[in-house]
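Here are some notes on the model you sent. They are set out as numbered points, to be read with the structure open.

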Amino acid sequence: MKKDKKEVREKFLPCIHGLDNLFHEGIPQGNSILVEGGPGSGKTILCLQIAYEQAKRGKKVLIMSFEEAEHQLREHMEVFNWDVKGLEAKGTLQIKRINALDISRSVEALLSDAKKELLIDIHPVLIPKSFAPDIIIFDSISAISSAFSGEENRFRIYMEQFFRYLESQKTSSLLIREVANPTHTGGNYVEHGEAISFLSDGIIVLYNVILPHGKRGRALEILKMRGDDIKRGIYEAEIKRGKGWVVSGTPLKGSYTLT
């Protein structure tokens, strides 16, 4: 009896100096990745850089912002000399600002129409029908969670359906989440209203690093990545003007504090 052949998913590298070296083959297409860190850790820049590099290589990328306006995101990217407008004109990049409160109201209406059943139509709530993205940047989970304040169950339903939709479309996603303190450094951590780690296929954590004498730096860690082998460790990194994120091949050493 012949066994069914196992589906081999395409993989892609972020195309960021040093970060690519932390993967064995790359991010499996269709994976949903949490990118989390504290204020100023560089989450948005990292995701915008991945979006730019993938769109430049022909993938269709949708940047969905629930906080900043489209022109502000373009300005962030142009600081690094990334040709945003050229990619938009080419049709491989689209930037869309969405009101998180509108999402919350739409989910309420859809749940009412479905007589409170769990299955809702996620597509009209989020994805432009005229654009079929290979990768979605979701900025941020924290903003949309706040829009569901006091309705944690509805937020969970919404996120479950969003992940199911992405899976059905084989769409990859980078979901930005702000955390007050480093989540995975050995301390206790409880998710409040954002219990979605179990749904994600990967987690990339960005750290602000306090070094002796008050000097500050940056670091990055791939905590998990389903479907690919990764190099474990917390690696030194920096954001260079005109280049963006650059990750060294050197794990953090010596005395330091992560925030």
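This is a predicted model: local features need pLDDT of at least 70, side-chain atom pairs count only at pLDDT 80 or more; totals for chains, interfaces and linings use all residues.

1. A residue counts as buried here when its relative accessible area is under 20%, as exposed when that area is over 50%, and as partly exposed in between.

2. Ser140 lies in the loop between strand 6 and helix 6 (141–147). Is this residue, Ser140, buried or exposed? Its relative accessible area is 5%, so Ser140 is buried. The side chain of Ser140 makes a polar contact with the side chain of Glu67, at 2.7 Å.

3. The count of salt bridges comes to 10. One of them is between the side chains of Asp228 and Lys11, with 3.5 Å from N to O. This pair links distant parts of the chain, 217 residues apart: Asp228 is in the loop between strand 9 (216–225) and strand 10 (235–240), while Lys11 is in strand 1 (residues 11–12). Asp228 counts as buried, at 9% relative accessibility, whereas Lys11 is partly exposed, at 27%. Lys11 and Asp228 also belong, with Glu25, to a network of salt bridges.

4. Lys56 and Glu53 form a salt bridge within one helix. Their closest N and O atoms are 3.3 Å apart. Why are Lys56 and Glu53 separated by about one helical turn? Because the two residues are three apart in helix 1 (residues 43–56). Glu53 is buried at 10% relative accessibility, and Lys56 is partly exposed at 39%.

5. Arg226 and Asp201 form another salt bridge, with the closest N and O atoms 3.3 Å apart. Arg226 lies in the loop between strand 9 and strand 10, and Asp201 in the loop between strand 7 (172–178) and strand 8 (202–210), so the pair ties together parts that are 25 residues apart in sequence. Arg226 counts as partly exposed, with a relative accessibility of 39%. Asp201 counts as buried, with a value of 16%.

6. Asp201 comes up again at the largest pocket. This pocket has a volume of about 220 Å³ and is lined by 13 residues. Arg9, Gly30, Phe163, Glu167 and Asp201 are the lining residues nearest the pocket centre. Which helix gives the largest share of the lining? Helix 7 (residues 152–169) does, with four residues. By class, the lining of the largest pocket has seven charged residues, three polar ones and three nonpolar ones.

7. Strand 9 and strand 10 run antiparallel and are joined by three bridges. Within this pairing, Leu220 stands opposite Tyr235 in strand 10.

8. Glu238 stands opposite Val246 in strand 11. The hairpin of strand 10 and strand 11 has three residues between the strands, and in this hairpin Gly242 takes a positive phi near 85 degrees.

Conventions: Residues are numbered from 1 along each chain as its sequence is written. Side-chain values use heavy atoms; hydrogens and water are left out. A salt bridge is a side-chain nitrogen of Lys or Arg within 4 Å of a carboxyl oxygen of Asp or Glu. Buried means under 20% relative accessible area, exposed over 50%, partly exposed in between (1.4 Å probe, protein chains only). On a 1 Å grid over the protein atoms alone, a cavity is a set of points where a 1.4 Å probe fits but cannot get out, and a pocket is an open set with protein on both sides within 12 Å along at least five of seven lines; lining residues have an atom within 4 Å of a point. Grid points are joined across faces, edges and corners, and a volume is the space filled by probe spheres set on the points. Ala, Val, Leu, Ile, Met, Phe, Trp, Tyr, Cys and Pro count as nonpolar, Asp, Glu, Lys and Arg as charged, and the others, Gly among them, as polar. Two strands pair if DSSP finds at least two bridges between them. A polar contact is a pair of N or O atoms within 3.5 Å; within protein, one must be able to donate a hydrogen and the other to accept it, and residues adjacent in sequence count only if both atoms are side-chain atoms.
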